[in-house]
Every structure is written in C-alpha cells, then in structure tokens.
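Biologist: Please show me the model, and then let us go through some of the terms used for it.

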Amino acid sequence: MDYKIDFNSINERYKVDKASNEIIKELKTYGRSTGDIEEINNLLTYNLSLKGKRIRLIKLITISRLTGRLNNLTKKIIYAMELANSAIFIHDDIIDHDLRRKGKPTLNSLVGYEKALLIGNILHSIACKELCKLCDCNKNKEIIVEILNSLAIEHAGQYSDINFRWNFCHSLKDWERMIMRHSAYYIISTLIGIAKLNKADKKIIRAIRSYEENCTLAGAAEDALLGFLGKKPAGDLKNGSFTILTSFAFKNNPKRILKGPDLLRREINESKAIDLTLRYISKRVRKAVKALDSIKDCYEKEVLIFLARQILDEIK
C-alpha cells in the first residue's frame, strides 16, 4: 500500500497534539502541589509547550502501535520519558549556554541558569518517580530498571561531552560512543522496553535497536553540521565541542589544545570534514532504513522510514 506520510497526516492519525497536551495537563497537577502554582506550572511545561515536530514522541507512539497497542502502561512510560527528555534538553541548553531552542528563548535565557537547572532536576525526578510506580511485577521491574539505568548513562554522556571540549585527539569511534551514551541509550531502552511489554519477537527488537542507533548517530552528525553552517545554534563551535566534524578534521593531526572558534572553523573548513560528514549521514540513514527490512509493510514502518529520511531532508 502506498502511504502518503507527512507530519500533518501523522499528527492526525496518532493525535500527537492531543497526546502532548495530555502530558502537559498531567504535569500541571504536580505544580498544584507546590506553593508557587502558576510559576512552577509554567516553568515545568515550558519546553513541552514549544511547538516542534515531536519526533521522539512520534517514535514512542509508533513503536507502541507497531509492536502491539498503545495501552495505559505504555502511555505512562511515554509520559515519564517525555518529562525526562524535557529535562535533558533543559540541561543541554544550560551546559551549552544556548539561548534559543525551536526558534524560542531557552528556559535558562528566561529565568536564569539556577532556576532552569532546578526545573530540569524536578522534571527528571518526576520522570523517575513515575517510572518506579510501574514496577508492579518482575517483568515490568526489569524493563523499568533498564530504562532508569539508561537515564543515568545519559548523564555520564553529558559529562563526556563537556570533558572532551577543546580536546581534539579523539576518533570517530570515540564520538560515536559519546553520542550513544548521551543521546541514544535512554531512547533505545524505552523503545525496546515498550516492544517487550507488547511481547514483540526478538527479530523486531533487533530491528528497532539498529534503526534507532543509526538514526541517533545520523541526527547528531546532522546537528553538528547544521550548527557549523549556521542553520542551527552554533553552540558546538563556540564551546569547542567534540563533534563528528572535529573527529574528521583532526584525524591525521590530533590536537589537545586549539583555543578559539575562529581557529576551529578554519581547521574544519580546510579539511574534508564537511564532505565526510555528509557521506556519514547518508550512510547511517540508509542503514536505519535497511534495519526495518525484517518488519512487514505497514503504516508504522513507513512512519519510521519517513522519520529517518527527514534527517537527509534537513541537510539538503
């Protein structure tokens, strides 16, 4: 069947806006238990209220439908992980000193770094609490513990991201390991956890893992490239971050110290880093799509393919 898929049709079929609004509504119940009701509510839900493509939310819903159904348990997991994801973005913006996200001011630029940090911590704590409430049987407990562990790994990945700044003696493999820890494991653990709860077979679980690993690496490479080209906030360049571009630029001439974004930009421009990054993104997207070959044709499979190919569309 020839499915016509775009973000509008996905939103209509999955009711993504409704799901997002329900998450915000549920989160606001936490604010009512505090003294500063209006301020806490607005800050907790600020990032979730920013209109974007909601790719992670779409993936979570898609895997739920692909492997079984979107039931109360999977909805609660999705709720918790959307909160965790919002916390991760808030912490990222603080760490990178970013002032814009999705074309809007970041939370730290509106209320300061201290308040933004605390809001991120609160969101992360609520997410963990909501996940712990789902440990009502041994099978659920094993899956939830794996998701919770992956959130701890994400923090370690953020630390590595900071630790590698202005240190360009690391390889592409080092960058991939950092990205997997920082951006992939918690999403992969959640997608696979939902699939396991829906009793998906091992073949589908392997396909989901490979798909998301390749999408994450392609997406991280795309973010670095668009930031360098000025099409996204250029925090990586400003902060001297270790990216796929620097792994290629300094492959044959590793440098531990190279201070200043202008010198870093020159080194990247004078290398083949941009072309190599473009090839890398294309290769990873192809692998992501290929990973889905073992899954029978259906609407949900086509949505996953569409999301992977969106990464290529962003760099055209």
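**A cavity and a helix pair**

Modeller: In this predicted model, the largest cavity has a volume of about 70 Å³.

Biologist: Which residues are the closest to the centre of the largest cavity?

Modeller: They are Phe-228, Asp-236, Leu-237, Thr-243 and Leu-245, out of 12 residues that line the largest cavity. Two or more lining residues come from each of H11, helix H12 (235–239), helix H13 (244–249) and helix H14 (261–269). H11 gives the largest share, 3 residues.

Biologist: What makes up the lining of the largest cavity by class?

Modeller: The lining has 7 nonpolar, 4 polar and 1 charged residues. Asp counts as charged, and Asp-236 is among the lining residues.

Biologist: Now the helix pair. Why are H5 and H11 called roughly antiparallel?

Modeller: Helix H5 (residues 55–67) and helix H11 (residues 202–228) pack at an angle of about 165°. Angles over 145 degrees count as roughly antiparallel, and therefore H5 and H11 are described in that way. Their axes are 12 Å apart, and the crossing is right-handed.

Biologist: Which residues make the contact between H5 and H11?

Modeller: H5 brings Lys-59, Ile-63 and Thr-67. H11 brings Ile-204, Ile-208, Tyr-211, Glu-212 and Cys-215.

Biologist: How do you know which residues in the contact of H5 with H11 are charged?

Modeller: Lys and Glu both count as charged, so Lys-59 and Glu-212 are the 2 charged residues of this contact. The contact also has 5 nonpolar and 1 polar residues.

Key
Residues numbered from 1 in each chain as written. Predicted model: local features only at pLDDT ≥ 70, side-chain atom pairs only at ≥ 80, totals over all residues. Heavy atoms only, no water. Axes fitted to C-alpha atoms, helices over the stretch in contact; angles between N-to-C directions. Helix = DSSP H or I, 4+ residues; strand = E, 2+ residues; numbered from the N terminus. Parallel < 35°, antiparallel > 145°, perpendicular 65-115°, else oblique. Left-handed = near helix turned anticlockwise from the far one by under 90°. Contact = heavy atoms within 4.5 Å. 1 Å grid on protein atoms, 1.4 Å probe; cavity = no way out; pocket = protein on both sides within 12 Å on 5 of 7 lines; lining within 4 Å. Points joined across faces, edges and corners; volume = space filled by probe spheres on them.
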